[in-house]
Amino acid sequence: MSKDDIRRIVIEEIANIAPDTEPGAIDPGSDIREALDLDSMDVLNIIIALHTRLRVDIPEADYPLLLTIAGATDYLAAKLAG
Amino acid sequence: MAWPTLHKQAQSGGDPNLASYDEACASFSWDNARAELDGLPGGGLNIAFEAVDRHVRRGHGDRLALRWLGKDGTVRDFSYRDLMLLSNRFANALRDLGVAKGERVFLLAGRIPELYVAALGTWKAGCVLSPLFSAFGPEPVRMRMALGDARVLVTTEALYRKKVLPWRDQMPQLRHVLLADAEGDALPVRTLSLDHALRQAGNDFAIVPTAAGDMALLHFTSGTTGRPKGAVHVHEAVVAHHVTGRLALDIRPDDRVWCTADPGWVTGTSYGIIAPLTNGATLLVDEQEFDAEHWYRVLQDQCVTVWYTAPTAIRLMMKLGADAVWKYDLRHLRFMASVGEPLNPEAVMWSQEAFGRPFHDNWWQTETGGIMIANFAAMDIRPGSMGRPVPGIEAAIVSRGAGDVTPLDTPMAVGELALRPGWPSMFRGYLNEDERYQKCFAGGWYLTGDLAMRDADGYFWFVGRADDMIKSAGHLIGPFEVESALMEHPAVAEAAVIGKPDAIMGEAVKAFVALKPGFSADEPLRKDILGHARKRLGAAVAPREIDFRANLPKTRSGKIMRRLLKARELGLPEGDLSTLESDEK
């Protein structure tokens with residue numbers, strides 16, 4: 001799976017949890033909680049959705065790495081490659 | 001299963017403020033509590049004077065009142081003298097704008113320093129403070145400001161554009177909008193720069209002589225039906241904030257107090273602004289959103305001694321595990337408390353393991369203004385219990401009959417939690433809704449709407465809500481407000497909202513909707529409705545989950561039976577169905 005595919009999936013899953021937002025339109029380096037008005041539970045639900053969809057284990061300690069679209073893409077790409 | 005009682009041993013750092021529960025209750029009087037405060041020099045009582053100015057007059061002006069930790073790593077310190085002068089400036093700015101005593105000043109912002117200055121300055125000017133949660137969507141913001149007759153709003157440019165501008169024209173009575181982060185040409189039309197207003201204003205201000213019974217705070221809370229209610233609190237509430245901060249949270253003058261609640265909710269005002277300051281402690285404010293490791297670092301680096309947080313955050317910390325806590329040096333932490341929804345016994349036991357000390361659950365609500373039932377530092381904890389009434393508070397379990405109220409004295413009998421009216425921070429009304437206010441009282445009791453039990457030793461145990469209100473992540477959410485927003489979606493014919501048990505949030509908001517003819521219940525529409533609700537209400541209030549139904553269960557009078565939907569969702573007995581007229585499909 002290419003990085004672009006992963007980025008697309010991250011954006012899709014954010015939009016599933018928060019359909020009021022346009023995650024594809026924000027700076028991929030910005031904190032999604034601020035850029036998209038998400039709360040901690042939204043973030044948790046997005047991470048659970050990514051875990052289910054990509055079958056990647058995401059330990060709680062790594063959650064802070066997934067707070068930007070770019071960070072989540074890099075993290076998942078590394079996990080899928082490893 | 002039965003959880004072991006956590007016994008308290010003598011603590012390092014001396015006896016807690018409340019060293020013996022029984023003695024404290026026996027010797028307590030509200031008159032003595034009032035005497036702990038100074039009162040305005042010329043007579044009267046004002047929250048801001050008790051919180052700030054009196055400490056300066058006593059020679060403590062140089063003490064650290066507020067330390068603010070910005071998202072970008074900035075640290076800003078405010079001494080008691082700084083807070084006094086800045087709040088004087090804000091009060092002068094209100095006066096310069098022609099804002100009169102008793103008029104309402106609304107706050108809508110994240111945890112920025114200006115918010116604390118504005119709150120204190122509002123009270124000094126004799127105005128009424130109404131803080132709003134900045135994660136609310138435009139509709140809850142508009143509704144509350146309309147009901148509260150907002151005259152002034154303090155907010156930020158981004159929040160203004162997103163949540164106020166769309167309806168500003170509908171609210172002519174909102175005369176002044178002060179933006180904390182915009183200036184000069186960057187200011188949107190019909191807004192003012194807060195910074196500029198503060199710079200223009202003078203340093204000296206004679207506090208408007210407010211009486212103990214003058215309105216000081218308007219906190220909005222949702223109802224099961226109808227519009228949100230504005231709970232009115234008066235300046236005298238500061239007596240309860242102060243004394244419960246001292247007894248239930250064990251706050252002392254040399255403490256660093258971190259209340260993680262947002263000032264948009266009552267906890268963030270009573271214990272995130274007022275109580276630590278009246279007790280002469282240092283208030284710690286962290287602008288960032290929750291992140292467990294970041295929080296541990298703040299606890300360690302800022303030498304936090306008293307920490308007041310909420311079950312949802314505690315359960316998220318539990319998920320991360322105790323190992324993460326052990327990496328930090330938290331030797332300064334002396335007292336940890338939790339509020340918002342019942343703290344499950346697992347979380348109490350986990351905190352003992354992870355922090356070497358337990359979280360102390362306590363119970364209160366917007367209407368009570370301050371902590372009513374608490375686990376105290378010197379009292380054994382029964383995990384899962386909310387504790388015992390704070391000194392000066394009489395609590396009971398009652399059953400409500402037709403027109404009368406009977407106290408239930410049998411241990412562990414389930415009934416409604418009731419309080420004997422008369423404590424200083426009791427709400428004095430719902431703004432312009434006297435009928436709804438009167439309905440909260442019967443037989444000489446204030447009826448809380450919470451179901452609970454009391455054990456033989458006087459510990460109270462939360463059972464659930466007596467109505468359809470939802471307790472989600474520490475927020476009390478009224479189903480009616482959520483349903484109303486859902487009904488505004490063009491495809492929705494009927495909507496019902498329940499609280500679905502959730503391992504982290506306590507309850508999560510779940511909606512059931514029936515569609516109008518011509519719409520099909522598919523995934524794109526589900527997302528569209530969800531997006532609509534989030535846009536209107538904000539993430540904290542909007543449903544997390546939406547299910548479609550062809551028809552919702554209703555009574556003969558057409559009232560949707562949320563209770564039945566909830567029972568079915570949880571696989572519980574459906575109860576009395578005699579009033580069911582049209583069933584769910």
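**Contacts and folds**

User: In chain A, what share of contacts between residues at least 6 apart in sequence join residues at least 24 apart?
Analyst: A contact means two C-beta atoms, placed from the backbone, within 7 Å. Take the contacts in chain A between residues at least 6 apart in sequence, then pick out those joining residues at least 24 apart: that share is 59%.

User: What kind of model is this?
Analyst: Residues count from 1 along each chain as its sequence is written, with chains lettered from A and ligands numbered from 1 in written order. Local features need pLDDT of at least 70, side-chain atom pairs need 80 or more, and totals for chains, interfaces and linings use all residues, as this is a predicted model.

User: How many helices and strands does chain A have?
Analyst: These are DSSP runs numbered from the N terminus (helices: H or I, at least four residues; strands: E, at least two). Reading along the sequence of chain A gives α-α-α-α. The tally for chain A is four helices and zero strands.

User: What radius of gyration does chain A have?
Analyst: The C-alpha trace of chain A spans about 30 × 25 × 20 Å along its principal axes. A compact globule of 82 residues would come out near 12 Å, and chain A agrees with that, by a rule using C-alpha atoms and 2.2 Å times the residue number to the power 0.38. The radius for chain A is 11 Å.

User: Which helix gives the most to the side of chain A that touches chain B?
Analyst: The contact takes 15 residues from chain A and 22 residues from chain B. On the chain A side, the top contributor gives four residues, and that's helix 3 (residues 40–54) of chain A.
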